[in-house]
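Have your viewer open and follow along.

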Amino acid sequence: MQEIPVTRYPEVLIDRPTHYCPGCQHGIAHRLVAEALTDLGVVERTIAVSSIGCSVFLYNYLNLDTVEAPHGRAPAVATGVKRARPEAIVFTYQGDGDLASIGMAEIIHCANRGERVTVIFVNNTVYGMTGGQMAPTTLLGQKTTTCPGGRCLEREGAPIRMAEIIASLGGTAYCARVAVNTVKNVMRAKKAIRNAFQYQLDGKGFSFVEVLATCPTNWRLSPTAANERVATEMIPYFPLGTFQDCAATEEV
Amino acid sequence: MSERLFLKGNEAIARAAIAAGMRCYFGYPITPQNDIPEFLSTELPKVGGEFVQAESEIAAANMLLGAAACGVRAMTSSSSPGISLMQEAISYMAGSELPGVIVNMNRGGPGLGDIGPSQGDYFQSTRGGGHGDYRTLVLAPGTVQEAYDLTLLAFELAFRYRNPVLLLGDAILGQMKEPVTPRVPQQTTDPEAETWCLTGAVQRPGRVLKSLFLDDGALAEHNTRLAAKYQAMETESRAESFLVDDAQLVVVAYGSIGRIAKSTVRKLRAAGHRVGLVRPITLFPFPTAILRDLALAGKRFLTIEHNLGQMVDDVRLAVRTVTDSAFYGHLPGNLPTPNDFEAPILAALGH
């Protein structure tokens, strides 16, 4: 009997073990980016901007021209790259500490200018690489190494919903929040990431995909329990969906 | 015969950058350098370049990093408080070996200081400025013509060494108007950048421009290689020597202060005093050899700066084991005239 593969391993994804912890969903997000670039046929004209955090090593897993940005500055670096090489497909890959805290100014203004770049924002509600400290996205009541009693609204404020903020800015052509906790959600995430790159390719404006992801190690949960937490705690606060779609707006 | 233009220092730098083939400029408003972004916002797009007013100096410098990674000639400009904010990106650029030009029209500090001229940023400029063990090339023009010429040179050096280059002026240089002959640069593109810059990985493995080196020994190796590069930059050191051959006392001053001190030296010469001037044009690499030779020839030294004494450390290092340098600091907050330097020079001469 002949085996027919139902999916292909994208060539741009380097075949090697990752440094990510068991149950971490960066690997899925990496693969979805790789598949989107491959499907659109733009791998050879893509320039990646890696950020600070666990995903700084993006360049160990995606065989792309890549520049490493200082903490939070990836959208500014991507702006420089795109202005210098407008023909390139440019994306940043950032975590929630990087993008929603130290990099808040850079992401807001990059989106607002409508830079023709794509931002993949992986939200796992903690600073992963530095040991699980509180992030701007940490859920209320969630215990971290810097809010050991649980995040408190009165003291630390509410978790920031980035996709909703980005969608409200004038330069944003496409903005969605997805999760990769179920097969169905992975398929939706794949479509959203592909859409985001397609909008850049079409020169429509800034595109943004927030990917809800696990951090079992810093959540002190097993991979299975961490995956369940995405559905039970994250999605209720960070609703999935498309928050801006300029093509849809045009159709109305 | 090329045209003569009557230009402010800021505009001369902006025009020179375009002449040098600059493709991208990123800026943020701050006095006293606003003429640069204002001029470029209209003139750069006319030649097909990209002008971006960034949301902060932090973002402007990181945009510079991104454009530099693509191997194009790119620049940002600011003044002291803004340059402090740029140090993060400058450190990353040095670590990732990215070429870019950063203009600092030095104003008074610390903190908000004032908007007038100062040389308070000498240490920040010549010691790297940000975190880590690195250096940037530092060019310090004293005239508007020199500002034009050194801007052309800055782009050349940035790509020759794959390193950030700082053009260090001050509020005097940025705001004063002088005639300029706009020279035509020999080179306006850098084809050799194609061997390392980001273009999209076509028929080759992806390139990574980074400053993170975690493997055992990798960072030490990287820093050793950078150190060799900084050593090689020594050949770029430049200074103007003025009437030093028979001088008893050599005044050392840079930038617009060097230019004002030159007028004082001229005046004192006319009165029969044997005084000369060395005006460092590169602050890193510092023109150590020139000063050391003069020290060995028996000269005495007086360093004059528009600060509390920063470059004087480098002068002392240059002449150590032979002699020392006296120091006179004119403090920011008021503009010095040649007369202000007469008494300190005569005092150092022993009169």
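First, the ground rules. This is a predicted model, in which local features need pLDDT of at least 70 and side-chain atom pairs count only at pLDDT 80 or more, while totals for chains, interfaces and linings use all residues. Residues are numbered from 1 along each chain as its sequence is written, with chains lettered from A and ligands numbered from 1 in the order in which they are written.

Start with the sheet. Eight strands make up an open sheet with mixed pairing, in the order S9(A)-S7(A)-S8(A)-S4(A)-S3(A)-S1(A)-S2(A)-S9(B). Helices (H or I, at least four residues) and strands (E, at least two) here are DSSP runs, numbered from the N terminus, and two strands pair if DSSP finds at least two bridges between them. The edges are S9 (241-245) of chain A and S9 (208-209) of chain B, each pairing on one side only. Helix H1 (residues 26-40) of chain A packs on the sheet, touching S1, S4 (118-123) and S8 (206-212) of chain A, and its direction makes about 160° with that of S4(A). That angle is taken between N-to-C directions, on a scale from 0 to 180 degrees, with axes fitted to C-alpha atoms (for helices, over the stretch in contact).

Now zoom in on S2(A). Strands S1 (residues 46-50) and S2 (residues 65-68) of chain A run parallel and are joined by four bridges, with A:Ile47 opposite A:Asp65. S2(A) also runs parallel to S9(B), and two bridges join them; here A:Val67 has B:Leu209 as its bridge partner.

How many residues of each chain are in contact across the interface? It's 37 from chain B and 28 from chain A, where contact means that C-beta atoms, placed from the backbone, lie within 7 Å. On the chain B side, S2 (24-27), S3 (50-53), H3 (57-69), H4 (80-96) and S9 each supply at least two residues. H3(B) gives the most, with nine residues.

Chain B itself has 12 helices and 15 strands. Its radius of gyration is 20 Å, close to the 20 Å that the globule rule gives for 351 residues, so chain B is as compact as a globular protein of that length. For the record, that radius is taken over C-alpha atoms, and the rule is 2.2 Å times the number of residues to the power 0.38.

Most residues other than glycine have a negative phi, and most peptide bonds are trans. In chain B, a cis peptide bond with omega about 0° joins B:Gly109 and B:Pro110, and another joins B:Phe284 and B:Pro285. B:Pro110 is in the loop between S5 (100-106) and H5 of chain B, while B:Pro285 lies in the loop between S13 (282-284) and H10 (288-296) of chain B.

A:Arg220, not a glycine, has a positive phi of about 60°. A:Arg220 counts as exposed because it has 12 C-beta neighbours inside 10 Å; the cut-offs are 12 or fewer for exposed and 20 or more for buried, with partly exposed in between, using C-beta atoms placed from the backbone and lying within 10 Å.

Definitions and conventions. Two residues are in contact if their C-beta atoms, placed from the backbone, lie within 7 Å.
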